[in-house]
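Good morning, colleagues. Please look at the sequence and structure as I bring them up.

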Amino acid sequence: MKLFLLVLTFIITGSKDCCKLSLSSMGLNDYELEISLDSLKNLHPEIEYFGSSNIREDIEIYSLKTKTVILGSEKKVVYYFGLIDDRLKGYTFNVHTEERLDYFYEFIENAKAKNDFLEGDGITFSEKDELCHKFLRTKQERKGIIIFGGIDKIGSIW
């Protein structure tokens, strides 16, 4: 019986731990999925209601605009939070860099140490299983690249 409880505890704990990003060392905020809207508002009183999802009516979206230092220079970061029943089910971020693609590669190299899904080279990284979806990629803008990433348990574009 004790072995069963130990294995069950490991499975439950392991499930929670594998569904998170670790980018705080890069200057980005890491959030635990399933935290409440009130907890998010306590962390960031400036969080704003963005609207309901056009894809799924049960998803409410909030946003947070901030500036943070990433790789030695201040960058604009916009977070989007997807909540169902006032619980965080996913979040994305956009880092507006005004930099070239080399900046993204440096970001990836620094982030690889704590994020197993960032394997190999490229401009798109993704890991999806039955518990969650993690992704990180870049997209080109007129003024430079945007580093776009996130994690969710929603299972769809929201």
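This is a predicted model: local features need pLDDT of at least 70, side-chain atom pairs count only at pLDDT 80 or more; totals for chains, interfaces and linings use all residues.

Does Asp 85 count as buried or exposed? Asp 85 counts as exposed, because its relative accessibility is 72%; here buried means under 20% relative accessible area, exposed over 50%, and partly exposed in between, with a 1.4 Å probe and protein chains only.

Residues are numbered from 1 along each chain as its sequence is written, and side-chain values use heavy atoms, leaving out hydrogens and water.

The chain contains three helices and seven strands, in the order α-α-β-β-β-β-α-β-β-β. Helices (H or I, at least four residues) and strands (E, at least two) are DSSP runs, numbered from the N terminus. Of its 158 residues, 41% count as buried.

Let us return to the loops. Asp 85 lies between S3 and strand S4 (87-96), and its phi is positive, near 55°. Leu 71, in the loop between strand S2 (60-70) and strand S3 (73-84), has a positive phi of about 50°. Most residues other than glycine have a negative phi. Leu 71 counts as partly exposed, because its relative accessibility is 29%.

Finally, Glu 109 belongs to helix H3 (residues 101-111). The Glu 109 side chain makes a polar contact with that of Lys 112 at 3.1 Å; such a contact is a pair of N or O atoms within 3.5 Å, and within protein one must be able to donate a hydrogen and the other to accept it, with residues adjacent in sequence counting only if both atoms are side-chain atoms.
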